[in-house]
Amino acid sequence: MLEEGLSEDELFRHLSSVKEKDRSYKKVLSSMCTIPHPVAVRAHNIFIESNLGDPGLFLGTASLEAELIERLGSLMSFPGACGYATSGGTESNIQALRIARESAEKRNPNVVIPESAHFSFEKACEILSVEMRQVPSTEGFVMDPERIEDYIDSDTIGIVGVAGTTEYGTIDPIAHLSDIALDRELFLHVDAAFGGLVLPFIPGSPSFDFRLEGVSSISIDPHKMGMSTIPCGCILVRDPDYFTSTEVDTPYLTVKKECTLCGTRPGGPVAGALAVLDHLGKKGMKSIVSRCMENTSFLIRGMEELGYPVAVQPLVNVASFSCDKTPEGWIVSRTRHGHMRTVCMPHITRETLEEFLRDVGEI
Ligand code: 0PR
């Protein structure tokens with residue numbers, strides 16, 4: 001640490017020069033995050049110091065968290081859903097498996113997840129000492145419905161499906177998983193970290209939420225397509241009792257029990273997430289999502305015309321292609337099968353995609 005502090009001028013000159021090393025989102029086609037909506041930034045700043053880890057001190061912010069959960073619960077077809085704001089999909093997925101493990105009480109617990117699940121499940125299983133069983137995908141990059149039951153046994157604590165997969169933008173057969181969960185009395189977690197704020201705004205999307213009776217919990221992240229400031233994920237559960245299994249006593253806080261994984265939790269992004277939803281409403285969200293989906297279709301058409309077929313028709317704004325080159329100056333990512341992976345987030349415009357396609361064409 002410096003003996004004597006820097007002047008504000010010196011400090012901010014330094015910070016601005018460091019910031020220049022960060023990429024702007026403009027040519028980033030690989031990210032599930034985006035530039036936060038201006039109302040999110042404004043709301044975040046109002047609640048910059050509030051800590052939801054001690055909610056009795058920040059009753060106003062805590063009420064915003066309750067409203068956010070209510071909004072998302074309604075969007076997930078269950079306004080009475082219980083939940084809280086997490087640091088993102090990873091934490092929500094860890095908490096969901098923690099609840100499943102505590103509810104099932106098996107000696108050698110295992111969880112059945114799709115092969116295509118996000119790597120956060122690997123972390124969750126390692127932390128929780130739960131065996132991770134991966135069901136292979138079909139050629140359409142979704143969990144093979146024919147094979148799910150082969151992986152379930154008497155030590156299975158739960159099953160997982162993804163609504164909006166990270167690599168291919170597909171949806172696992174969640175209605176089928178729901179039937180299995182009901183039939184075998186298993187906890188079913190749906191990872192809708194990405195798709196949760198996309199699918200409700202696309203008419204005719206398959207059901208994946210609490211409308212399906214077997215669904216026990218859902219991850220849904222405002223800091224992805226919800227355009228909030230980072231970090232803001234949410235976990236929602238059907239039965240409030242689930243959270244008693246993750247509770248610890250917190251005798252010296254303003255609340256005497258805490259069911260969250262993190263202690264100190266930022267209020268700013270929660271205010272930001274709610275601000276975006278309330279400012280845009282369903283109509284505004286629909287218009288942003290439909291623009292992202294139109295851009296995704298435009299990109300797919302353009303890539304196919306250049307001879308690079310899409311690996312599978314996605315149901316959200318993630319598209320992956322058989323194309324092993326990357327044009328210079330662009331950031332795309334690679335799936336585990338080597339496909340070029342792109343995400344048409346709200347910061348990606350039609351002009352950006354035209355430029356990208358031109359550059360791909362010139363490789
Ligand atoms: N579940 C799904 C379906 C996800 O796609 C992700 C993240 C998670 C859970 C975990 O969420 P958190 O990262 O919020 O904990 N998906 C992106 C990915 O891994 C996250 C990301 C975002 C990566 C921005 C890069 C980036 O620039 O691709």
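User: How many nonpolar, polar and charged residues does the shell around the ligand have?

Analyst: Classes first: Ala, Val, Leu, Ile, Met, Phe, Trp, Tyr, Cys and Pro count as nonpolar, Asp, Glu, Lys and Arg as charged, and the others, Gly among them, as polar. Here the shell has 4 nonpolar, 10 polar and 4 charged residues. This is a predicted model, where local features need pLDDT of at least 70 and side-chain atom pairs count only at pLDDT 80 or more, while totals for chains, interfaces and linings use all residues. Residues are numbered from 1 along each chain as its sequence is written, and side-chain values use heavy atoms, leaving out hydrogens and water.

User: Which residues are the closest to the ligand?

Analyst: A residue is near a molecule if one of its heavy atoms lies within 4 Å of it. Of the 18 residues that surround the ligand, the closest are Thr90, Thr166, Asp191, His223 and Lys224.

User: Which side chain has an N or O atom 2.6 Å from a nitrogen atom of the ligand?

Analyst: A polar contact is a pair of N or O atoms within 3.5 Å. That side chain belongs to aspartate 191. The side chain of threonine 166 has an N or O atom 2.8 Å from a ligand oxygen, and for arginine 341 the distance to a ligand oxygen is 3.4 Å.

User: Why does the ligand lie between domain 1 and domain 2?

Analyst: Domain bounds come from an automatic or database domain assignment. Domain 1 (17-37 + 281-361) and domain 2 (38-277) both give residues to the shell around the ligand, so the ligand lies between them.

Technical notes:
A polar contact is a pair of N or O atoms within 3.5 Å; within protein, one must be able to donate a hydrogen and the other to accept it, and residues adjacent in sequence count only if both atoms are side-chain atoms.
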